[in-house]
Amino acid sequence: MYNKIIKLIIAAGIIAYAVYQFTEGYIGNGIMFILLSLIFVFLYFKNEFILLAFLRLRKQDFDGAKKWLSKIKNPESALVRKQQGYYNYLHGLMVSQSNMNEAEKYFKKAISLGLSMDHDLAMAKLNLSGIAFSKRRKQEAQKLLSEAQKLDKQGMLTDQIKMMKQNMKRAAGPNQHYGAGGSLRAQKRRG
């Protein structure tokens with residue numbers, strides 16, 4: 001895994017060679033080298049391993065996505081801040097299948113680092129809401145759910161948000177067990 005600065009150095013070197021090609025009169029070569037340098041600039045802002053991991057996740061291949069993410073050895077030096085957010089976001093999605101506590105850490109870190117797309121931020125907050133709800137932190141879950149609903153402008157998560165709200169309403173209902181309700185003293189009087 002290359003450091004993010006190396007990509008910019010390679011792009012600058014290619015642009016310098018393109019300028020040299022322009023001065024020598026090879027306009028076609030210069031244009032081709034400028035286009036080639038744009039690939040390295042693009043990869044500075046969009047990491048290739050994160051893109052490949054997203055492609056694997058679209059196919060529901062969690063093992064393949066984990067393999068691509070594992071190629072990023074040191075995310076702090078290899079990735080830009082937003083890419084670090086997506087790195088943690090993807091780890092949170094994969095870990096949420098098995099370990100809720102670890103997934104919560106990844107999602108919180110992804111939100112703090114920032115995600116560039118609103119629906120990704122909404123998905124992270126929706127997952128955090130589900131985790132908070134499962135840990136019986138109802139107010140935090142409702143707050144995160146309303147934030148996720150505000151961020152979901154295209155309506156991609158409408159069904160999941162409705163389902164989460166229904167689950168919260170069901171859990172908020174009376175928690176009485178018929179037949180054995182009341183305090184221990186009341187049960188002894190009856191018995």
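This is a predicted model: local features need pLDDT of at least 70, side-chain atom pairs count only at pLDDT 80 or more; totals for chains, interfaces and linings use all residues.
Helix 1 comprises the 20 residues 4-23. At 1.5 Å a residue, helix 1 should span 28 Å, and its end C-alpha atoms are 30 Å apart, which agrees with that expectation. The buried residues of this helix are Lys4, Lys7, Ala11, Ile14, Ala18 and Gln21. They cover an arc of only 95° around the axis, and therefore lie on the same side of helix 1. An α-helix has 3.6 residues a turn, so residues three or four places apart point the same way. The face turned away from the buried side of helix 1 carries the exposed residues Ile9 and Thr23. The cover over the buried residues of helix 1 includes helix 2 (27-45), helix 3 (48-58) and helix 5 (75-78). Just after helix 1, glycine 25 takes a positive phi of about 95°.

Serine 37 lies in helix 2. Its relative accessibility is 1%, so serine 37 counts as buried, the cut-off for this class being under 20%. Apart from its neighbours within four places in sequence, serine 37 is in contact with Ala11, Ile14 and Ile15.

Salt bridges were examined next. Side chains of opposite charge can pair when their charged atoms come close. A search of the whole structure finds nine salt bridges. One of them joins lysine 7 to glutamate 48, with the closest N and O atoms 3.2 Å apart. Lysine 7 lies in helix 1 and glutamate 48 in helix 3, so this pair ties together parts that are 41 residues apart in sequence. Lysine 7 has a relative accessibility of 6% and therefore counts as buried.

A further salt bridge is formed by the side chains of aspartate 61 and arginine 56, at 3.3 Å from N to O. Aspartate 61 has a relative accessible area of 25% and is partly exposed. Arginine 56 also counts as partly exposed, at 30% relative accessibility. The side chains of glutamate 140 and arginine 137 meet in a salt bridge at 2.8 Å, N to O. Here glutamate 140 is partly exposed, with a relative accessible area of 28%, and arginine 137 counts as partly exposed at 29% relative accessibility. Both residues belong to a network of salt bridges that links Glu104, Lys108, Lys135, Arg137 and Glu140.

The nonpolar interior was considered separately. In soluble globular proteins, nonpolar side chains tend to be buried together. The largest nonpolar core has 36 residues, of which Ile50, Leu69, Ile72, Tyr89, Phe107 and Leu126 touch the most other members. Two or more residues of this core come from each of helix 3, helix 4 (62-70), helix 6 (81-95), helix 7 (100-113), helix 8 (118-134), helix 9 (138-151) and helix 10 (158-172). When residues up to four places away in sequence are not counted, leucine 126 touches Leu145, Ala148, Leu157, Gln160, Ile161 and Met164.

The aromatic rings complete the description. A pair of aromatic rings is described by the distance of the centres and the angle of the planes. The count comes to seven aromatic pairs. Tyrosine 17 and tyrosine 20 form a tilted pair, 5.9 Å centre to centre and with 35° between the planes. These two tyrosines are three residues apart in helix 1, and so are separated by about one helical turn. Tyrosine 17 counts as partly exposed at 41% relative accessibility, and tyrosine 20 counts as partly exposed at 42%.

The rings of phenylalanine 54 and tyrosine 86 have centres 5.8 Å apart and planes at 65°, so this pair is edge-to-face, a class that requires an angle over 60 degrees. The pair links distant parts of the chain, since phenylalanine 54 is in helix 3 and tyrosine 86 in helix 6, 32 residues apart. Phenylalanine 54 counts as partly exposed at 27% relative accessibility, whereas tyrosine 86, at 8%, counts as buried. Ring pairs link Phe54, Tyr86, Tyr89 and Phe107 into a cluster.

How values were computed
Residues are numbered from 1 along each chain as its sequence is written. Side-chain values use heavy atoms; hydrogens and water are left out. Helices (H or I, at least four residues) and strands (E, at least two) are DSSP runs, numbered from the N terminus. The expected span of a helix is 1.5 Å times one less than its number of residues. Buried means under 20% relative accessible area, exposed over 50%, partly exposed in between (1.4 Å probe, protein chains only). The arc is that of the directions from the helix axis to the C-beta atoms. Contact means heavy atoms within 4.5 Å. A salt bridge is a side-chain nitrogen of Lys or Arg within 4 Å of a carboxyl oxygen of Asp or Glu. A nonpolar core is a set of buried Ala, Val, Leu, Ile, Met, Phe, Trp, Tyr and Cys residues joined through side-chain atoms within 4.5 Å. Rings of Phe, Tyr and Trp (its six-membered ring) pair if their centres lie within 6.5 Å; planes under 30 degrees apart count as stacked, over 60 as edge-to-face and the rest as tilted.
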